[in-house]
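Dear colleague,

I am handing over the structure below, and I would be grateful if you could look through it with the notes that follow.

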Amino acid sequence: MSGGAGDESDSPSGAPVDFDRLDAIRERFATDDRFSRVDGEPAGAPDRLVCVYNDRFYPGRVRAARLEVVWYENGDFSIHYHEEYEAGAFDHRWDRHPSDHNARDHVHPGPDAPTPGDDASHPPDWRDVLSGALSEVEARQRAFWEE
């Protein structure tokens with residue numbers, strides 16, 4: 001299931017990165033017009049998939065937005081949504097991994113993804129986890145245009 005950098009994980013999960021899962025996600029997102037670019041194993045973050053949102057979903061005050069996905073062979077994950085502003089950022093993260101600050105499934109809510117976050121219950125299927133995260137991001141994007 002693996003074969004890339006990061007096999008000897010020092011992640012909070014303790015498991016190796018599931019590069020096959022990241023490849024499957026990259027294939028799905030590469031044809032999704034919500035993303036302008038999907039980078040697998042980028043320099044500086046070889047354990048993750050970095051998905052840059054198309055700027056047409058954002059008002060001009062949002063300089064950039066991206067979703068970073070890390071998935072582990074034991075089913076643990078971290079999905080980090082990040083928006084950049086001229087003065088600041090918005091961060092929100094969905095996590096499943098062992099933690100001394102929260103239950104295994106938890107969310108670090110926006111705007112600043114604090115630790116500890118909120119205990120949560122994520123679906124067991126990775127596709128449902130991603131779908132839920134993407135739906136939350138989409139609701140946030142819609143809210144920009146309803147202001």
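A charge is taken to sit over a ring if NZ of Lys or CZ of Arg is within 6 Å of the ring centre and within 35 degrees of the ring normal. In this model, which is predicted, Arg140 lies over the face of Phe90, at 3.5 Å from the ring centre.

Phe90 also belongs to an aromatic cluster, together with Phe29, Phe35, Tyr53, Tyr58, Tyr81 and Phe144, and the count of aromatic pairs comes to 7. In one of these, the ring centres of Tyr53 and Tyr81 are 5.9 Å apart and the planes stand at 85°, so the pair is edge-to-face. Because Tyr53 lies in strand β2 and Tyr81 in strand β4, this pair ties together parts that are 28 residues apart in sequence. Tyr81 forms a further edge-to-face pair with Phe90, with 6.2 Å from centre to centre and 65° between the planes. Tyr53 counts as buried at 4% relative accessibility, as does Tyr81 at 1% and Phe90 at 11%.

As for the fold around these residues, an open sheet of 7 strands runs in the order β1-β2-β3-β4-β5-β6-β7 with antiparallel pairing, and its edge strands, β1 (35-40) and β7 (118-119), each pair on one side only. β1 and β2 (residues 49-53) are joined over 5 bridges in the antiparallel sense, and Leu49 in β2 is the bridge partner of Gly40.

Helix α1 (residues 19-30) lies across β1, β2 and β3 (62-71), at about 145° to β3, whereas helix α2 (residues 126-146) packs on the sheet, touching β1, β2, β3, β4 (77-85) and β5 (88-96), with its direction at about 15° to that of β4.

How values were computed: Residues are numbered from 1 along each chain as its sequence is written. This is a predicted model: local features need pLDDT of at least 70, side-chain atom pairs count only at pLDDT 80 or more; totals for chains, interfaces and linings use all residues. Side-chain values use heavy atoms; hydrogens and water are left out. Two strands pair if DSSP finds at least two bridges between them. Helices (H or I, at least four residues) and strands (E, at least two) are DSSP runs, numbered from the N terminus. Contact means heavy atoms within 4.5 Å. Axes are lines fitted to C-alpha atoms, for helices over the stretch in contact, and angles run from 0 to 180 degrees between N-to-C directions. Rings of Phe, Tyr and Trp (its six-membered ring) pair if their centres lie within 6.5 Å; planes under 30 degrees apart count as stacked, over 60 as edge-to-face and the rest as tilted. Buried means under 20% relative accessible area, exposed over 50%, partly exposed in between (1.4 Å probe, protein chains only).
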